[in-house]
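Hello,

Here is the structure I promised to pass on. Please look it over first; my notes follow below.

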Amino acid sequence: MEMNLIEKTPVLKNIESCTHNSAILCKQLNCFTNSYALKYPNCCDLINCDNCPYSLRDNKNIDDLNQDEKKKWKSALEKFYITPENVLHKELDIEQTLKIFSDLFDDYRTPFRKEEERIIYTEAFRRLQYKTQVMINSASDDQRTRLLHSLEVQKISRKIAVALKANYELTDAIAIAHDIGHSPFGHAGERKIKLFLENEMAGSFSHALQSVKVIDFLCSHRALKPMGLRGLGISDLVLEGILKHDSDSFSDNMATSAFRLQYECDRLYKPVGANPAQYNDNEIYIGGIESQIVCWADKIAYMSHDWEEFVDVGLLEVMVSRINEIIIQMNDFIENSDKAKYEYLENIESENLNKINETFKNLKEHFYSDNYSHKFDNKNDLFVKKLTDLINILKETVELQQKHPNSFLLFSNEQYKIMHSFFSVAYAWIIITKVKPKDIGGKIDIIFVIYKYLCETTAHRTVPALIKTLIASCYHELYEFNIEGKSSEELIKYCNKLWEISKNTIKNSEYKSKLCSESKKRLKDELKKSFIVCFDPEYYNAVNCIGKFIHEEFIESTRVRFMTKKAEIIIGKLLKFYYSNYHMLPLKYRKRIELETSLSENINRIKYLLQQYYKEIIEEAIIEDECSGNNARFEHVKKLIIKKINSILQENIDDSKFDATNDEEKYQKFKNEVCNTIISNEAFAKDAIKLRIIADYISGMTDRMAEKKYNEICSSSTQWSRAFTERGTFNI
């Protein structure tokens with residue numbers, strides 16, 4: 001899909017330029033986010049420049065204003081409901097609002113640029129340099145870390161945003177902070193924290209939501225802290241993009257009580273700036289074009305760079321070596337097919353091996369024939385056609401072997417799969433990069449030629465190719481939106497309408513529980529297809545193929561799984577230790593536990609959320625058991641809940657307390673008993689608060705800090721005594 005992306009610049013209607021000097025510097029116009037000088041759509045149509053808060057500030061001191069002038073200024077600020085200096089979701093008086101606005105005002109930096117820099121200067125951001133991307137940070141100095149990944153995502157998202165005429169400063173701010181709340185050891189650490197909290201009946205855990213919590217609550221800005229306010233004063237548009245950069249936010253539905261226990265940010269679940277009355281309170285919805293761009297930029301970054309690391313650590317070489325052995329054995333079978341050596345083979349495998357061999361020969365012939373060209377039409381190119389034929393035959397063989405395992409004796413299903421994966425990923429990269437394997441001289445085996453091609457398919461080639469393909473895939477549709485003069489809210493409604501249809505279809509057919517992994521995969525797939533920023537179907541399938549290959553051959557490889565297991569052991573030990581010994585936490589976390597467990601308003605809020613959470617997980621377990629036809633899930637949930645009640649109340653409740661004449665009565669009796677117990681006893685809320693604060697502490701650690709703490713806990717008494725004498729060991 002070739003096109004000139006700079007052929008026409010859409011004409012924006014009904015937008016005027018603000019006359020104020022800083023607003024001229026700040027203003028960035030496009031059809032989706034219109035005016036971000038003051039970060040309010042069509043600001044010039046809604047407020048006179050004489051009453052603009054930026055103009056009102058010029059040459060004026062807050063102390064010199066009378067009460068009427070202060071009210072006028074605050075009234076002007078309130079119209080810009082997503083201006084970060086406003087901190088609208090906080091309860092501030094006039095003096096505080098004007099002071100924050102005055103302190104954070106900057107003539108030379110746009111609001112989003114200030115937000116980005118505010119995030120960069122935090123401790124949480126600095127810690128990303130020692131957090132795992134895929135390989136554990138201590139494995140090698142050359143491995144990518146979360147910090148480098150965040151910078152790469154920022155650069156990719158900026159390129160896409162500029163090309164699509166979106167707000168690149170907003171995408172910069174979202175991208176740089178999208179992983180700021182990630183736990184140590186990457187997704188392995190995140191999964192372990194999530195599992196621990198769920199087993200302790202204290203909600204769930206997501207790195208995307210934790211990133212919002214870090215920026216909006218755990219960190220403090222110098223201008224806000226003296227007023228007793230938490231967070232960095234970051235605008236909701238940035239926070240929304242951070243929350244929604246991860247497709248798990250949608251498949252897990254962050255609006256449920258399980259995630260509200262982690263952090264409540266109801267205002268972000270619905271699209272920021274859109275009419276809230278049009279959206280359900282208990283669901284999470286697709287955000288604006290900038291959050292969609294960062295979502296895809298994140299996937300482009302880790303897909304390209306994980307592929308590069310897969311090649312660098314030698315796993316591709318091992319894979320090719322195994323395929324060569326299979327090819328040699330297959331050639332031996334073809335040459336000796338009439339001899340007694342392979343008489344034990346069933347006809348079904350013999351036929352498929354002959355088909356594979358014949359197609360493989362055709363592939364080699366077309367490669368070595370005089371049809372090679374760097375530029376090609378992937379639909380008509382003969383080499384690509386033969387490669388597709390080979391992939392289809394291998395796929396058919398894999399499926400046949402799964403159906404008739406006793407008829408396939410020469411090669412295992414894994415061996416057929418590895419051949420299918422190898423040729424499929426080569427085809428996918430050819431489609432994305434539009435570059436074929438090249439003849440490297442001499443009659444060299446085609447497997448080695450493809451291997452060399454895949455080795456040369458580094459991030460320098462793949463990242464630009466993926467960016468260009470994504471832009472080309474969605475540019476025309478966005479252009480049409482622009483020409484028609486549609487607003488940001490209309491674009492968001494369009495995406496969410498597609499998402500609602502897909503989501504309801506899956507839920508009505510097979511999505512019965514959040515625990516159904518296959519349904520969650522389908523949900524994530526449909527979510528990305530609902531984005532207006534998305535790949536065309538052909539490219540989308542190629543991208544999915546590459547992602548699947550990386551997961552199966554790299555993320556699930558023995559080398560990475562070993563590191564993953566190590567991470568799970570370390571995080572699991574730390575969680576159990578601090579839960580049993582929370583007085584060993586650093587001072588600021590102990591103070592948080594004391595403060596949050598002493599506020600009756602906070603206790604009541606957590607009690608209510610816990611009651612909803614227990615009710616939800618019981619209902620989900622019942623639904624799942626109805627689908628499967630057994631009682632396994634409900635019994636597991638009941639066991640966890642009874643264990644929790646016994647540990648908190650120090651009682652010994654058994655199943656007989658919930659006996660009833662039928663299942664429906666038993667379920668209802670159990671649910672009512674549990675909800676009444678939770679709501680009537682503060683100990684459950686205090687325990688949940690303690691667990692959430694421990695999760696905040698451990699998720700904020702770097703890899704090396706987690707390893708250090710683990711070694712201190714598991715070390716000998718001599719090492720323990722040395723650890724106690726180290727300055728600040730238990731206050732970090």
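Five helices each supply at least two residues of the lining of the second largest pocket: α7 (123–126), α11 (207–218), α27 (587–596), α28 (600–628) and α31 (682–699). Bear in mind that this is a predicted model. The lining of that pocket has 50 residues. F217, L218, R230, R592 and E596 lie nearest its centre. The space inside the second largest pocket is about 1,700 Å³.

Take R592 from that group. R592 sits in helix α27. Is R592 buried or exposed? The cut-off for buried is under 20% relative accessible area. R592 has 11% relative accessibility, so it counts as buried. Setting aside neighbours within four places in sequence, R592 is in contact with K213, F217, L218, I693 and D696.

Now the chain as a whole. The secondary structure comes to 33 helices and 0 strands. Of the 732 residues, 55% are buried. The chain exposes about 33,100 Å². Carbon and sulfur atoms supply 48% of that area. Among contacts with a separation of 6 or more, 75% join residues 24 or more positions apart.

M303 and N544 are 241 residues apart in sequence, yet their C-alpha atoms are 9.9 Å apart in space. M303 belongs to helix α16 (residues 289–312). Its relative accessible area is 6%, so M303 is buried. Beyond neighbours within four places in sequence, M303 is in contact with L466, V543, I546, G547 and I550.

Next, the core. The largest nonpolar core has 190 residues. Which residues have the most contacts inside it? They are F422, F423, L454, Y578, I641 and I698. F422 is in contact with L316, M319, V320, I323, I447, I450, Y451, L454 and F549, leaving aside neighbours within four places in sequence.

α29 covers residues 632–649, which is 18 residues. At 1.5 Å a residue α29 should span 26 Å, and its end C-alpha atoms are 26 Å apart, so the two values agree. Which residues of α29 are buried? They are F634, V637, K638, L640, I641, I642, K644, I645, N646 and I648. After α29 comes Q650, with a positive phi near 55°.

Best wishes

How values were computed. Residues numbered from 1 in each chain as written. Predicted model: local features only at pLDDT ≥ 70, side-chain atom pairs only at ≥ 80, totals over all residues. Heavy atoms only, no water. Core = buried A, V, L, I, M, F, W, Y, C linked by side-chain atoms within 4.5 Å. Buried < 20%, exposed > 50% of the residue type's maximum accessible area, 1.4 Å probe, protein only. Contact = heavy atoms within 4.5 Å. Helix = DSSP H or I, 4+ residues; strand = E, 2+ residues; numbered from the N terminus. Areas by Shrake-Rupley, 256 points an atom, 1.4 Å probe, with all protein chains shown as cover. Expected span 1.5 Å × (residues − 1). 1 Å grid on protein atoms, 1.4 Å probe; cavity = no way out; pocket = protein on both sides within 12 Å on 5 of 7 lines; lining within 4 Å. Points joined across faces, edges and corners; volume = space filled by probe spheres on them.
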